[in-house]
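Open the model in your viewer and keep the selection panel at hand. The tour goes stop by stop.

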Amino acid sequence: MRPMKTRTIDFSRYSSLKIGPRVDVTVIDSKEFDAGGYTLIGGANNLLISPTPPPLAMLDNEVFGFCELEADCIRAGGALKTGQLASFCRRHDLGGLEFTGNLPGTVGALVAMNAGMKAWETFTQLLWVDFGAGRVSAESIPHGYRHAQLPGIVYEAGFVRRSGFDRDLEAQFKAMRANQPQAPSAGSCFKNPPGDYAGGLIEAVGLKGFVQGGMAFSDQHANFLINTGGGTYEEAIWLIAEAQGRVKERFGVALELEVQVL
Ligand SMILES: Cc1cc2nc3c(=O)[nH]c(=O)nc-3n(C[C@H](O)[C@H](O)[C@H](O)COP(=O)(O)OP(=O)(O)OC[C@H]3O[C@@H](n4cnc5c(N)ncnc54)[C@H](O)[C@@H]3O)c2cc1C
């Protein structure tokens, strides 16, 4: 058997929350990889990494970082960065994926999280996914708000090929992002409960701007858990539990994490 490639990642630098240990991550360079026992990571823009994460693996960007046009789709590798996907669309005048330019991450995680902004979601543009054994239609993959039930690793994905990159829409997404906290975060900490807003609930229980050590719920946007400097995993977990506890007690609503804790 071929020895597996690894890459040492310092999650206190690599992850968007700037929290986590230095660990060796297995690098996947072929679709024959046996994923059993591994948790996939992309750019760690939606992850809170504990001091003792499970065995981690990531796609090799050299192999799975491609993007090309086929007759009826945009074919993208799972390791392709979202910014590169958006640039590709701009360059080729393709519409529908403008939102990916302001959504940090990789194509594999876009699919896994059904990531999106406002009404634009990954699955509205997704045609198929290759989990290693050919193309599976997106329609057959159970998915919903910020989640998808995947049978394996996203090696490649095919998106709708439609002409007309919308620069106004791109500017709107950019403006939305500019109004959000700039401190290290993982975006929204909790999913919005049906018919409600997690940020509003966190504010209502007095946690907007609440600080615990180096972590806080932003005073700009309560659903952003931010690292104000030197924040730790334990402080983040404490704030998460505090918000869930207070919101449950006051409103009977169970806040579900959008950030994945590993
Ligand atoms: C400032 C900021 C703003 C954000 N705003 C938004 C927003 O508006 N909307 C939104 O939806 N998200 C938002 N996010 C979250 C983040 O951009 C998305 O969740 C993105 O999809 C994460 O990509 P990643 O490559 O960093 O994935 P990671 O954080 O590394 O992983 C996320 C999940 O995807 C899985 N995964 C990764 N790669 C693969 C693969 N190849 N195959 C199968 N599973 C895989 C992981 O196991 C994990 O469960 C924001 C994050 C930040 C930091």
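Select Tyr233, Ala236, Leu239, Ile240, Ala243 and Val247: in this predicted model, these residues of α8 are buried. Now look down the axis of α8. The buried residues fall within an arc of 135°, so they line one face of the helix.

Turn to the face pointing away from that buried side. Ala241, Gly245 and Glu249 are there, and they are exposed.

What covers the buried residues of α8? Show β4 (47-48), α7 (198-204), β15 (211-212), β16 (215-217) and β17 (225-227), which are among the covering elements.

Next, check the length of α8, residues 233-251. At 1.5 Å a residue, its 19 residues should span 27 Å, and the end C-alpha atoms are 27 Å apart, so the two values agree. Step on to glycine 252, which follows α8 and has a positive phi, near 70°.

Move to the ligand. The shell around the ligand holds 32 residues, and Gly42, Gly105, Gly108, Ala109 and Gly187 come nearest. Colour by element: β3 (39-40), α4 (107-113) and β8 (116-117) each give two or more residues to this shell. The largest share, five residues, comes from α4. Then colour by class: 17 residues of the shell are nonpolar, 14 are polar and one is charged.

Four strands form an open sheet with mixed pairing, in the order β1-β2-β5-β3. β1 (5-10) and β3 are the edge strands, each pairing on one side only. Zoom in on β3 and β5 (residues 56-59): they pair in the parallel sense over two bridges.

Notes. Residues numbered from 1 in each chain as written. Predicted model: local features only at pLDDT ≥ 70, side-chain atom pairs only at ≥ 80, totals over all residues. Near = placed C-beta within 6 Å. Nonpolar A, V, L, I, M, F, W, Y, C, P; charged D, E, K, R; others polar. Pairing = 2+ DSSP bridges. Expected span 1.5 Å × (residues − 1). Buried ≥ 20, exposed ≤ 12 C-beta atoms within 10 Å, placed from the backbone. Arc of directions from axis to C-beta. Contact = placed C-beta atoms within 7 Å.
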